[in-house]
Amino acid sequence: MRAVQFSQYGPPSVVHVAEVEEPHAGPGEIRIAVRASGLSAGEAIIRSGTLRDVVPTTFPSRTGVDAAGVVDEIGAGVTGVGVGEEVFGMTTIAARSANADYAVLTAWAPKPAAWTWQEAGGAAGSVETATRVLDRLAVGAGHTVLVQGAAGGVGTIAVQLAVARGATAIGTAGEHNHDFLRALGAEPTTYGPGLVERVRALAPDGVDAVFDCAGGALSDLIAIAGDRARVVTIAADFTAAAHGVHMSHGAPADETAAAAGAAADPLALHGLDIAVKLAEEGRLRVPVAAAFPLAEAAAAHELSETRHARGKIVLVN
């Protein structure tokens, strides 16, 4: 089968499609014929070699955590899903092998009929991450949450999940994305100098939680929250420990976050079922920044490195 991999650190051009052996579902797992799969910013960081001293990589290294497709193999002990059903889900974070013709999933849920294959293929990782952080911040009805980097793959989902919980969402993004954020339910503002004052004008009664998806502004985010404990970053700002801010990553460990000294949080896999319900109600969409054929994975990595993708980058089979 075809799979995306890289055999050395370097620019996006080191990414290529190779012929590899098909994987098979083990106990508690399913295998899918992949229709679409996601690309995360963390994978681009690993591929670049930026973290080579703290995140050792065995070559060739595969890519992809989330995928959607048709079940074609079921492992021992798996119930509630059958061959031929359409699902979306995740590999283990350590495995990173979803950008391929076949992928083994360790967590999954039925593909919502309202989602295209591209939306479903890029959903699971962002849904799990957003749910995990919102749970840790205890975001609920009546709260105000600031999402820093709200137009990205995780940020777009975090905004919608926060609104679904009854919270008010403020999202930072470039001005060209402000109407887009309003459509998702967020009150937009720009990032950069003056952020503290802009957010205070939008939320005069204060902000209850800050979800950092972008990095580079932790001092301002702490000032906005008024308490380091009310700020959580993901693998977006590796200075988190120096600021006394929690960096959330899932278990099994996300190497990029673990390298910065972050302790693993339990995976929020219940978020997948919540996402299905919200999607069926028309309350959760998965904005797709761009979709590339599997053979053009290098171009997908190039777009990811710009850090200007609006929504999730996906590969299609």
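In which loop does Pro 60 lie? Select Pro 60 and you land between helix H1 (41-48) and strand S4; helices (H or I, at least four residues) and strands (E, at least two) are DSSP runs, numbered from the N terminus. The peptide bond from Phe 59 to Pro 60 is cis, with omega near -5 degrees.

Before moving on: this is a predicted model, where local features need pLDDT of at least 70 and side-chain atom pairs count only at pLDDT 80 or more, while totals for chains, interfaces and linings use all residues. Residues are numbered from 1 along each chain as its sequence is written, and side-chain values use heavy atoms, leaving out hydrogens and water.

Next, pick out the open sheet with strand order S2-S1-S4, paired antiparallel (two strands pair if DSSP finds at least two bridges between them). S2 (15-19) and S4 (61-62) each have a single partner strand, so one side of each lacks a neighbour in the sheet. Now click Gln 5: its bridge partner in S2 is His 16.

Time for the largest nonpolar core, with 45 residues. Such a core is a set of buried (under 20% relative accessible area, 1.4 Å probe, protein chains only) Ala, Val, Leu, Ile, Met, Phe, Trp, Tyr and Cys residues joined through side-chain atoms within 4.5 Å. Helix H4 (153-164) gives the largest share, six residues. Among the residues with the most contacts inside the core are Phe 88 and Trp 115.

Last stop: Arg 307, in the loop between helix H11 (297-306) and strand S18 (312-316). Arg 307 has a positive phi of about 60 degrees although it is not a glycine. At 57% relative accessibility, Arg 307 counts as exposed (over 50%).
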